[in-house]
Each structure stands twice: as C-alpha cells, then as structure tokens.
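Here's a quick walk through one protein model, from its charged pairs to its helices and cores. Have a look at the structure first, then read on.

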Amino acid sequence: DHLDLHTFPTRRSSDLLGLESFATLSTGEKIVNPRWYRKLEQRLKEAQQRYAQHKSRRQRQHLAQLHAKIQRQRKDFLHKLSHRLTQEFSLLAIENLSIKEMMTNGRSGLNKSIHDAGWGTFIQMLGYKVERTGAKLIKVNPAYTSQQCASCGQLVPKTLSMRVHDCPHCHFRCDRDLNAALVILSKAIGWEPAHGLVPLKPAPL
C-alpha cells in the first residue's frame, strides 16, 4: 500500500485560521488537527497575566503545568499517528517542506499553527519509525502540488480559499487536499499524473 500526506495552511476571508486538517491522505482520509495550543490559548494568556502581576511561585508552576500538558498531548498524538501510518503503509510520501523557513517567513498566526501542529516533530518521528518497519519515506518537491491536476497533469490555479479541485481540462473534480495528495503520491513513485494514477472515485464533496 502507498500513502501520501498533504498539509498546508488555510486562509478564509481575510483571517488566517491555521490548519484545517493535520493531514490529508491519498486514501481520502483527513486527519483532524487537535489544535492543542489554540484550545488552551486563553487559559495560557490568563495564567501569564496573573504571573506577570504577582510573580508568585504558584502562578509560575501553574503556567508551566499548562505548557507541559500541551506538550504531552501533542507528543502522544504524533507518536500514535506516526506509529499507525508506518505500520499500515509500505511507502509514505510527504512534501519536502522547510518548517524552519515557513516559521521564519510566516505571520504570527501561521507560526503558532505550525508549532501547534508539530509538523517538524511528526516528520522526524516518521523518519526513524520507517527504519524500524522497513517502510519508505519519500519527500517530494512541493512545487505546484496544490495546483496540478492529479488526473491529467494540467495546472489549475486556485486561491487558498478554494476548497474544491475542479479541472476544466479533464473534468476531474474532488476535494482540493485529496487532489494534492494524489499529485504528491504520483511524484513519489515517479509517475506523471497524466499517466493514469487517477481514475479513482472522487471523494464526496
């Protein structure tokens, strides 16, 4: 079996909302993004404000406990997901993204989302776990993965707010992230999309 993972930031209207899904698989499955930091962000702000006002040992400990809770939840999720994928699939394909560069050049909201999702840690976990299982992890050039059609290979320009891939050339229509996942998989195994990785049944929209 082969698997692709596709992830990218999502923007709606004029607001950067972070990551809609942690990953989309070429099987059509979407991995929900738990958003650990975002869920506790308000509590963290309140704890930071109280500590700034009082500088008490108790407030410092409470703040440290909140950060530790987020780290434990993130690490547990990433370990379980990377274990599951490396057990289920013999080949995993991901975009060769520079997480450090994305965080350096991104806006603060995007930086928080990238850090919260733990992409860098997840890729590291996949790297050493495939060595244990004998699976392969292939990193592909991310250029045009969101724009190319998985069926015919033609470029179909999209804005980040467009959630459906609808090719005017071959009329292949599916979820935008699934299309990108199929393109990444085709690159990983050395096929051009036009050579027939699809026909696949498009995911319900």
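A salt bridge here means a side-chain nitrogen of Lys or Arg within 4 Å of a carboxyl oxygen of Asp or Glu. This is a predicted model, so local features need pLDDT of at least 70 and side-chain atom pairs count only at pLDDT 80 or more, while totals for chains, interfaces and linings use all residues. Residues are numbered from 1 along each chain as its sequence is written, and side-chain values use heavy atoms, with hydrogens and water left out.

**Salt bridges**

The whole structure turns up seven salt bridges.

| Pair | N to O distance |
|---|---|
| Glu 29 and Arg 84 | 2.6 Å |
| Lys 30 and Asp 175 | 3.2 Å |
| Arg 173 and Asp 166 | 3.1 Å |

Let's start with Glu 29 and Arg 84, whose side chains meet in a salt bridge. Glu 29 sits in the loop between β4 (21-25) and β5 (30-32) and Arg 84 in helix α2 (residues 57-88), so this pair ties together parts 55 residues apart in sequence. Helices (H or I, at least four residues) and strands (E, at least two) are DSSP runs, numbered from the N terminus. For burial, the labels are buried (under 20% relative accessible area), exposed (over 50%) and partly exposed in between, with a 1.4 Å probe and protein chains only. On that scale Glu 29 is partly exposed at 29%, and Arg 84 is partly exposed at 27%.

Next come Lys 30 and Asp 175, with a salt bridge between their side chains. This pair links distant parts of the chain, with Lys 30 in strand β5 and Asp 175 in strand β9 (residues 173-175), 145 residues apart. Buried or partly exposed: which is Asp 175? Asp 175 counts as buried, at 16% relative accessibility, whereas Lys 30 is partly exposed at 33%.

As for Arg 173 and Asp 166, their side chains also meet in a salt bridge. Arg 173 is partly exposed at 40%, and Asp 166 is partly exposed at 41%. Through shared partners, salt bridges also join Lys 30, Arg 163, Asp 175 and Asp 177 into one network.

Helix α5 (residues 119-133) has 15 residues and reaches 21 Å, close to the expected 21 Å. Its buried residues are Trp 119, Phe 122, Ile 123, Met 125, Leu 126, Lys 129 and Val 130. They cover an arc of only 160° around the axis (taken from the directions from the helix axis to the C-beta atoms), which puts them on the same side of α5. The face turned away from that buried side carries the exposed Gln 124, Glu 131 and Arg 132. After α5 comes Gly 134, with a positive phi near 85°.

**The cores**

A nonpolar core is a set of buried Ala, Val, Leu, Ile, Met, Phe, Trp, Tyr and Cys residues joined through side-chain atoms within 4.5 Å. The largest has 16 residues, and Phe 22, Ile 31, Leu 81, Leu 85 and Phe 122 have the most contacts inside it. β4, α2 and α5 are the elements that give two or more residues to this core, and α5 gives the most, with five.

Notes
Expected span 1.5 Å × (residues − 1).
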